[in-house]
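The sequence and the model come before the text.

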Amino acid sequence: MTTAAILGLIAIVGYALIAPAAARWMAPSVATKLVIAGNVLSAASGVFILAVLAFTWIGQFPFVAAQGAWSPAALHSDSPVPAWPAAIAGCLVLLALLSVLVTGLRQMRALVEVHRACRGLTAVGDLVVLDDERPDAFSTPQPAGRVIVTSGLLRALDPRQRAVLLAHEKSHLQHHHAWWNLAAGLTAAVNPVLRPAARAAATAVERWADEDAARAVGDRRLVATTLVRVAQLQTRFVHPEAVVGATGGDLETRVRALLAPPPRHRPLVIAAAIAAFALFALPAAAVQHTGEALFEHAERPVAGQHT
C-alpha cells in the first residue's frame, strides 16, 4: 500500500510539472480539456490516496472499529502505515476539503454578484454596452451569460480591433470558458501543487478564444496587437473573479502564440496524455485494493460460525 501511495503522489507531482509545458504543445481547445481533466483526476486521486492512508489509523479507534466489525488490534498489527503519517494524511484531506469549500463558496458569491450586477441591463443579443469610461470587457458565465463591454473601451479601439474584441468574448461565452476556469481553480484549491497546471489551463482558455477571434477576423497579428492595446488600456483595472476577460492568462504566451502559425492538431500527444491519465489511476486502484484487503483480514469472525 505504501509503495502504491508513494507512486501515486509522485505521479501527481510529475503531472503538475509536465502539464504546463504539454499545454503549449497542443491546440488550446484540446489543452484546456485535457489539462483540466488531468487536474480533476490528479486532485481526486491524491485525496483518495490520503484518505485511505488516514483511515488505516482512524479505523483503529474502538468506536470506528465497532461500526465496521473489524478488530482494532488486528488492524494495528497488519497496517503497513505508521500512525503519524496516517494522521498527517488525515489532516491534509481535511485541509483540502476546507480549501475547496472556501474557494467554491467564494466563486459562487462572485457569480451571484456578477449576475446581480448584470440583471436589468439592456442587451442586444448577448452584448451589453455599459456607459462607462473605464476600458473593460468580459463575459459572464452561462446560463444567461453576456458579453459586457464598456463604451470607454469601444471608443479606444478602431473598428477592426472592436471586431477582434467581440469575437474573443463571444468565444468565451460560446464555449463556457468561465466554468472551465472555475473547475481549474477548484482543483488548485484541493491540491496547491496543481496551481501551475491551473494557470496553464487559464492561459489555454484565453488562447482558445484568441484562435477563434483570429479565424473570425482572418488576421492573427491583428488579434495580437489588439490584445496588447487592451492590456495597455486596462493596466489599472482588475476583473471580477468569476468572469473571463480579454487580457486573462499569460499575455506574453498568448501574443507569442498568435505571432506563430496556427496550432497543429497533434494526435500522438493527445493519445499519450490519455494513456498517462490511465496510468495515473493505477496507484490509486492499488491503494484501494490493498486497503480493502487490509480491513477484510482484520474483520472479526461472525459469532456462531463454525467450519
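The second largest cavity has a volume of about 30 Å³. A cavity is a set of points, on a 1 Å grid over the protein atoms alone, where a 1.4 Å probe fits but cannot get out; lining residues have an atom within 4 Å of a point. Grid points are joined across faces, edges and corners, and the volume is the space filled by probe spheres set on the points. By this rule there are 2 cavities of 30 Å³ or more. Rolling a probe the size of a water molecule over the atoms shows where empty space is left.

This is a predicted model, in which local features need pLDDT of at least 70 and side-chain atom pairs count only at pLDDT 80 or more, while totals for chains, interfaces and linings use all residues. Residues are numbered from 1 along each chain as its sequence is written, and side-chain values use heavy atoms, with hydrogens and water left out.

The lining of the second largest cavity consists of Gly-8, Ala-11, Ile-12, Leu-41, Ser-42, Ser-45 and Phe-280. Helices α1 (2–25) and α2 (28–58) each contribute at least two of the lining residues. Helices here are DSSP runs (H or I, at least four residues), numbered from the N terminus. By class, the lining has 4 nonpolar, 3 polar and no charged residues. In this scheme Ala, Val, Leu, Ile, Met, Phe, Trp, Tyr, Cys and Pro count as nonpolar, Asp, Glu, Lys and Arg as charged, and the others, Gly among them, as polar.

One of the lining residues, Ser-42, is found in helix α2. Ser-42 is buried, with a relative accessible area of 1%. Buried means under 20% relative accessible area, exposed over 50%, and partly exposed in between (1.4 Å probe, protein chains only). Leaving aside neighbours within four places in sequence, Ser-42 is in contact (heavy atoms within 4.5 Å) with Ile-12, Tyr-15, Leu-194 and Phe-280. Ala-37 also has its place in helix α2.

The table lists accessibility for residues in several parts of the chain.

| Residue | Relative accessible area | Class |
|---|---|---|
| Ala-37 | 37% | partly exposed |
| Ser-71 | 17% | buried |
| Met-108 | 44% | partly exposed |
| His-176 | 41% | partly exposed |
| Glu-211 | 6% | buried |

Ala-37 and Ile-274 are 237 residues apart in sequence and 9.8 Å apart in space. Met-108, in helix α5 (residues 83–118), is 162 residues from Ile-270 in sequence and 32 Å from Ile-270 in space. Ser-71 lies in the loop between α3 (62–68) and α4 (72–78). Between Ser-71 and Arg-160 there are 89 residues of sequence separation and 73 Å in space. Beyond four places in sequence, Ser-71 is in contact with Ala-298 and Arg-300.

His-176 is found in the loop between α7 and α8. Most residues other than glycine have a negative phi. The phi of His-176 is near 55 degrees, a positive value in a residue other than glycine.

Helix α8 (residues 177–190) has 14 residues, which should span 20 Å at 1.5 Å a residue, and its end C-alpha atoms are 20 Å apart, which agrees. The expected span is 1.5 Å times one less than the number of residues. Buried residues in α8 are His-177, Ala-178, Leu-182, Ala-184, Thr-187, Ala-188, Ala-189 and Val-190.

Helix α10 (residues 220–233) has 14 residues and reaches 20 Å from its first C-alpha to its last, close to the 20 Å expected. Its buried residues are Arg-220, Leu-222, Val-223, Ala-224, Thr-226, Leu-227, Val-230 and Ala-231. These buried residues pack against α6 (151–156), α7 (159–174), α9 and α11 (251–259). At the start of α10, a side-chain oxygen of Asp-219 comes to within 3.1 Å of the backbone nitrogen of Arg-221.

Glu-211 is located in helix α9 (residues 195–217). Not counting residues up to four places away in sequence, Glu-211 touches Pro-28, Arg-220, Leu-258 and Pro-263. Arg-220 is also among the buried residues of α10.

How values were computed. On a 1 Å grid over the protein atoms alone, a cavity is a set of points where a 1.4 Å probe fits but cannot get out, and a pocket is an open set with protein on both sides within 12 Å along at least five of seven lines; lining residues have an atom within 4 Å of a point. A polar contact is a pair of N or O atoms within 3.5 Å; within protein, one must be able to donate a hydrogen and the other to accept it, and residues adjacent in sequence count only if both atoms are side-chain atoms.
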